[in-house]
Every structure is written in structure tokens, then in C-alpha cells.
Amino acid sequence: VLNDEMFAILVLMALFTTFITTPLVMAIFNPGRDKTQSPKRKLQPELSLKDPNATPINPLNKEEFRILACAHGPRNVSGLINLIEATRSTATKSKLKLYTMHLVELTERSSSIMMVQRLRRNGLPFTNPTDRVSRAEVHDRVASAFETYAQLGRVMVRPVTSISPLSTMHDDIGHVAEGKKVTMIILPFHKMWRREEESGEIRVVENLGHSWRGVNQKVLKCAPCSVAVFVDRGFKLGQAQLYDEGSSLGNEQRVCVVFFGGPDDREALELGARMADHPMIRVTVIRFTGSPKMEGNNVKLMPSPEKSSDSNYTFSLALVDCAEERAQDEAMVEDFRNRWDGIVEYGERVANNIEEAVQALGRSGEYNLIVVGKGRFPSTMVAELADRHAEHAELGPIGDILSSSNSGIVSSVVVVQQHDLAHAEEVPVSKVVVQHEADAHDANNQV
């Protein structure tokens, strides 16, 4: 039917269209390229250690602040909204983009299965920017609370519902965080406290159990961005403070940022910087320094595979230049003090017993909210706590102390973990303390 010339042309065209398909598709849509061009997934600004006078690249004013706030139910919503509002500085009022995820456990009940069929598409969480699904079917109290905040607070809110087994729920959270390019995930702690009006005591009003705690543990391990775990003991801003920038009604809320050093503490410090610009929040930074006796010890943390990560703290195995880390800490603190001079209170405390000092801070009631880093790469002071029995090991030593059930802590707590692939692998450790020697001077913070 075809002559040799026509047949040759058709064969060449078939080969050409076959081989040109891949380059064309990759030019239009390249997932790998999108990931490399996505904004950085942490709050900490880039500091130049070579030029101390250089102005840091501060994301506070330049980038859109994207948050993924997860809620177990209506009880979490009030605290989450107040915490999110606290991070809205004057400079970022219009730059906050909030994604909310209602976490619903998938059970074998028929109602749960029917909800999955309506809310999931292609096995992934279903984003519902419009009212396609009846509010009564999607836990209307959670949805209506965030809708009210979106309208009164002038915030762009995008609701998401995740209905999945608790064993895989962290995949849903990670998928949404990756797809929406969020900067920080806010997770509610599996326990919640409230003060009784009559007795004034702080009591646990909600404990979702070990399974929900496991969801937080997996998110902390696999998250594609920074993570903040919110331990709510009744942190709130007045309604006028939430929605009226010029209002002076209500009590001023006091926030304390506890700084020991390391990537997680630097991320916590930057979160405190976002709160410092809020008109009704007063931020205090307390930097703990060890006593001469404590600093005279050379603390080494050795991997201990026989220990369990549920009851023992885990620390990063990454090799880190301790001198550079200390330089980063000093540069971050100096930049913070220069930026917020006269607005933020700054103080340094020497503590012989870190655990008692941190507990006293939380019991005092002087601060409504305490912000701390998880401490995966600990300073010498935090490393001293490595052998302490952990109640909530996923929060790190300092966060665990402040979230303990029977410690008398009255302040709400935010535990921050900075996104850094170098610190992704963590293991339980054993603490080894040797007396300080001249040749071991540079190994004080070695993990």
C-alpha cells in the first residue's frame, strides 16, 4: 500500500513523537523541579556568619506564612485559633494562609465509611474550599469555628478533612503539608488541661490515649516542614484582641521563649519573633546558661539500641560542627535583640539544676505561653537530662518537663522542631559524663 519513502517517513514520525513526549511533559510538569523551587520549610532566617553586619534574609516580611493546623475536635479549636492569631504580626496580617485539617479516625462503622466516600478523592484528603459537603456531616462545630475566624479575622482559611486509620494518618498530614507548601504544622497534644473555677487546680479534661500520641510521633519524624506541638492549658486572647487590631481591651498575654541553643531553639526563637510584633502580646526571652560546675563536664551521648524511644529521649545522629552551631546561636540571639530592642525583654539565667529551673518557670504562672525547642541536637545543659525518665519523649527533655501531668505546670506550651533533613534520624542514647580536660574542650556538645 505504501511506497518506501512514505513508509520511512511514518516510521521516523512514530519514533520522533515517542521520544519527544517525555521532554515535553517534563518541561510542562516536573515534580522534582517544583520541590527544589518550593520555599524553605522553616522559619529561621538565613544568617551570614562571615559578615556579622549583613542584614539577615528575614522571611517575616517577604514570604507568605502558610500554616497547617490540625484539630482532633471542637475542644482544640479555641486554643489553636488563639495560637495562630498570636503569630500574626503587624507585618504579616495579610500574608497568613491557613489550612485546617480535622483529624477523624476511620472506624468500621457505616457512617465513617460513608463519610470517606464523600470526602476522599483518589485515596487522598479532600480539600473543601466550598460548601460541597453538608456541614452537619463534617463536624459543623469545628468547621463553623474556623469559618468565623476567617470572616472576623480576615484570614484565608482552607479546610481539609482527613478520615483514615491512626496508623496512616501522618501520611495524610504530610501529603497536605507538602502539596500546600506550608511552613509549619501545628499539632494538638493528645492531652488537654483546664483550670477549675472553684478550686483553681489544673486538671486533665481530655486524654485521647497512646494511639493519637503515635500520630504526633510519626508526624514529627516524617514531616516535610517545621512542626509545633501545642500543649493547651487554656491559652487564649480576648475576643477584641483577636479581631480588632487597634483594641486595647483585655489583658496583655505574656509569652516566654526558653533558649538553650541548637536548631530547634533557634526556630522557637523565630516563632517568638513573630509573636513579639503582636500588639497584645509581650514576649520575654530567657537564655539559660550552665553553672561553671556543669560546663566543666564533658557530656557525650552514645547510641543505645536497647532503649525504647517511647520512654527515652532521642537525639540526632548527624555530625554537626559544634563551633558553627554556637556561632549560629550567638548570631541568632544578637540579630533577635537588635530587631526587637525595647520591645522584647531579654535575660540570662544560670541554673545548677535545669529541671527544677524549668519547672519553676512553668509553675509560676507568670507566662501564659512558653515556647521551647525540642532539642534534637542538645547543648551541654540539655544533654545532662538524657537519662531522665521520659513521660512524653517525643517532645524532648525541656518540652517533656513542661508537659508532665503531675508537675503543677500552669502555662501552655509550644514545642518546636525545625525542619532539617540532617537531623531526621534519631535514636535513644546513653549519657556518659567525664571530667573536663583541656584536650576535650571542643567536644562539649558532641552527640
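With a relative accessibility of 57%, R154 is classed as exposed (exposed denotes over 50% relative accessible area, buried under 20%, and partly exposed the range in between, with a 1.4 Å probe and protein chains only). The structure is a predicted model, in which local features need pLDDT of at least 70 and side-chain atom pairs count only at pLDDT 80 or more, whereas totals for chains, interfaces and linings use all residues. Residues are numbered from 1 along each chain as its sequence is written, and side-chain values use heavy atoms, with hydrogens and water left out.

R154 is located in the loop between α6 (140-152) and β4 (156-164), and its phi is near 55°, a positive value in a residue other than glycine. K181 occupies the loop between α7 (169-179) and β5 (184-188); its phi is likewise positive, near 55°. K181 is partly exposed, at 30% relative accessible area. Helices (H or I, at least four residues) and strands (E, at least two) are DSSP runs numbered from the N terminus; the protein has 15 helices and 16 strands.

Of the 447 residues in the protein, 51% are buried. Beyond neighbours within four places in sequence, I185 is in contact (heavy atoms within 4.5 Å) with residues including L68, I173, V219 and V227.
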